Amino acid sequence: MATLTFEESVRLDRDNLEELYRQLGAAGAENVICRAMEELAVRLSDIAPLYRADRSGDLARLARSLVGISSQIGLQTLAHVAEDVSRCALRQDRTALAATLCRLERIGDRSLTAVWDLRDVTS
């Protein structure tokens, strides 16, 4: 039996983060990043129940909110995948939605870790 493993890198826009620090200062940027990461974690956990309940409109809206939050802190890959999820939900394409949701979960976890790792390096 073959097992597929997915190793996909995430794209973190360091320029975006540097701009946040420049505009808001260290304390302000840290506050924005922490709040954004908390929101991302909560919203990522809210997606699966919406999918199971077949609430594609709500799922599309939630995915769109992920696009905005992740873009704000430079998580470009996460923003792109969340946009794909939103489109699949709006088209009510259950097969594509299932696949993109799995990808969103993988990318979401890796993206949050990438931001924490970068914060540890820059602190």
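**Close-ups of a predicted helical model**

**View 1. How helix α1 meets helix α2.** The crossing of α1 and α2 is left-handed, meaning that the near helix is turned anticlockwise from the far one by less than a right angle (clockwise would be right-handed). Helices here are DSSP runs of H or I with at least four residues, numbered from the N terminus. This is a predicted model, where local features need pLDDT of at least 70, side-chain atom pairs count only at pLDDT 80 or more, and totals for chains, interfaces and linings use all residues. Residues are numbered from 1 along each chain as its sequence is written, and side-chain values use heavy atoms, with hydrogens and water left out. The two axes come within 8 Å and cross at roughly 160°; axes are lines fitted to C-alpha atoms over the stretch in contact, with angles running from 0 to 180 degrees between N-to-C directions. So α1 and α2 are roughly antiparallel to each other, a label for angles over 145 degrees. Among the α1 residues that meet α2 are Leu20, Val32, Leu40 and Ile47, and the α2 side includes Leu59, Leu62 and Ile69.

**View 2. Asn16 and its neighbours.** Asn16 sits in helix α1. Leaving out residues up to four places away in sequence, Asn16 touches Ser71, Gln72, Ile73, Gly74 and Gln76, where contact means heavy atoms within 4.5 Å. Asn16 and Ile73 are 57 residues apart along the chain, yet their C-alpha atoms are separated by 6.5 Å.

**View 3. Helix α2 against helix α3.** Helix α2 (residues 56-72) and helix α3 (residues 76-91) have axes that come within 8 Å and cross at roughly 165°. That makes α2 roughly antiparallel to α3. The crossing is left-handed here too. Contact residues include Leu59, Ala63 and Val67 of α2, plus Ala82, Val85 and Ala89 of α3. By class, this contact has 11 nonpolar, five polar and two charged residues; Ala, Val, Leu, Ile, Met, Phe, Trp, Tyr, Cys and Pro count as nonpolar, Asp, Glu, Lys and Arg as charged, and the others, Gly among them, as polar.

**View 4. The largest pocket.** About 250 Å³ of space lies in this pocket. A pocket is an open set of points on a 1 Å grid where a 1.4 Å probe fits, with protein on both sides within 12 Å along at least five of seven lines, and lining residues have an atom within 4 Å of a point. The elements giving two or more residues to the lining are α1 (14-52) and α4 (94-122). Helix α4 supplies the largest share, eight residues. Tyr51, Cys102, Glu105 and Asp109 are among the lining residues.

How values were computed
Parallel < 35°, antiparallel > 145°, perpendicular 65-115°, else oblique. Points joined across faces, edges and corners; volume = space filled by probe spheres on them.
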